[in-house]
Amino acid sequence: MFKCSRSCNPVRYQRNNKNLNSIQCCTSKPYQKRNIQVLSRNTKAAFFDRDGVINVDYDYVAKIEELEFVKDVFLALQYVQSKEYDIFIITNQSGVARGFYKETDIQILHTHMDDQFKKKGIEINGYLYCPHHVDATVPEYSKDCNWRKPNPGMIEAIFSLNQYDKNECFLIGDRCSDIMAAKNAGIRGEKFVGGSLLSFVKEKF
Ligand SMILES: [Mg+2]
Ligand SMILES: [Zn+2]
């Protein structure tokens, strides 16, 4: 019988407090089910609406050619990241329910956006979108969805994964529905009306 010597105890490495989780998207239909990768690092979360905050809102932006980043978006996100926030982009995408584009178009666009962010050293911890609408023209996307802002579903999905301090979390959006979603989730919401996102973030937070 061999006995383990004291020196052979394995060293356990702590992995920098980083958790990779996946959450299930808001669809209830089995063939549409999709997992979203979400990375948690910090105890604070910053939520950004997409159209009108991250990129210029040209109504139903879905193609890479239509993507134009808002002024100072990279500097703003770098700043927020330096303050040790996890960063989430949460976006209503009823263009899918209305038949203007497909979910895969959103995913391609988000991958492209993420490449641009990575080049600037920005880590987005998760991209969440809701493709639903109650008056959908594409029947399988007809749903009064809890993920669609002003409902708090997307924010709550993130909170269910990691223990964030709600008092330290915030959301930036350009519409009342964004601010209501923040309120419904119990966090601070601030309305961005254009200009430099960096100046706005520095002024508010
Ligand atoms: Mg918006
Ligand atoms: Zn939804």
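Lys44 is partly exposed, because 17 other C-beta atoms lie within 10 Å. On the cut-offs used here, a residue with 20 or more other C-beta atoms within 10 Å of its own is buried, one with 12 or fewer is exposed, and anything in between is partly exposed, with the C-beta atoms placed from the backbone. This is a predicted model, in which local features need pLDDT of at least 70 and side-chain atom pairs count only at pLDDT 80 or more, while totals for chains, interfaces and linings use all residues. Residues are numbered from 1 along each chain as its sequence is written, and chains are lettered from A and ligands numbered from 1 in the order in which they are written.

Back to Lys44. It lies in strand β3. Helices here are DSSP runs of H or I with at least four residues, strands are runs of E with at least two, and both are numbered from the N terminus. Leaving aside neighbours within four places in sequence, Lys44 is in contact with Glu84, Tyr85, Asp86, Tyr164, Asp165, Glu168 and Cys169. Contact means that the C-beta atoms of two residues, placed from the backbone, lie within 7 Å. Lys44 and Asn162 are 118 residues apart in sequence, and their C-alpha atoms are 9.8 Å apart in space.

One of the contacts of Lys44 is Glu84, so let me take that residue next. Glu84 sits in the loop between α1 and β4. Its phi is positive, about 65°, although Glu84 is not a glycine. Is Glu84 buried or exposed? Exposed, because 11 other C-beta atoms are within 10 Å of it.

Tyr60 also has a positive phi without being a glycine, in this case near 55°. Tyr60 belongs to the loop between β3 (44-48) and α1. It has 15 C-beta neighbours inside 10 Å and therefore counts as partly exposed. On the backbone there is also a cis peptide bond between Lys149 and Pro150, with omega about 20°. Pro150 is in the loop between β5 (126-130) and α3 (153-159).

Now the overall layout. The protein has five helices and seven strands, and along the sequence they follow the pattern β-β-β-α-β-α-β-α-β-α-β-α. Of its 205 residues, 35% are buried. Among contacts between residues at least 6 apart in sequence, 65% join residues at least 24 apart.

Next, the core. A nonpolar core is a set of buried Ala, Val, Leu, Ile, Met, Phe, Trp, Tyr and Cys residues joined through C-beta atoms within 7 Å. The largest one here has 45 residues, and Ala46, Phe47, Phe48, Phe88 and Ile155 touch the most other members. Which strand gives the largest share of this core? That is β4 (residues 85-92), with five residues. Beyond its neighbours within four places in sequence, Phe47 is in contact with Phe88, Ile90, Ile155 and Leu171. As background, nonpolar side chains tend to be buried together in soluble globular proteins.

On to the helices, starting with α4 (residues 176-185). Its buried residues are Asp178, Ile179, Ala181, Ala182 and Ala185. Seen down the axis of α4, they fall within an arc of 155°, so they line one face of the helix. The arc is that of the directions from the helix axis to the C-beta atoms. Among the elements covering them are α3, β6 (170-173) and β7 (188-191). After α4 comes Gly186, with a positive phi near 80°.

Helix α5 (residues 197-204) has Leu197, Phe200 and Val201 as its buried residues. They are on the same side of α5 because they cover an arc of only 95° around the axis. What covers them includes α1 (73-82).

How do these two helices pack? The axes of α1 and α5 come within 7 Å and cross at roughly 30°. That makes α1 roughly parallel to α5. The contact is made by Val73, Leu75, Ala76, Tyr79 and Val80 of α1, and by Leu197, Leu198, Val201 and Lys202 of α5. By class, this contact has eight nonpolar, no polar and one charged residues.

For the terms in that part: axes are lines fitted to C-alpha atoms, for helices over the stretch in contact, with angles from 0 to 180 degrees between N-to-C directions. Angles under 35 degrees count as roughly parallel, over 145 as roughly antiparallel, 65 to 115 as roughly perpendicular, and the rest as oblique. Ala, Val, Leu, Ile, Met, Phe, Trp, Tyr, Cys and Pro count as nonpolar, Asp, Glu, Lys and Arg as charged, and the others, Gly among them, as polar.
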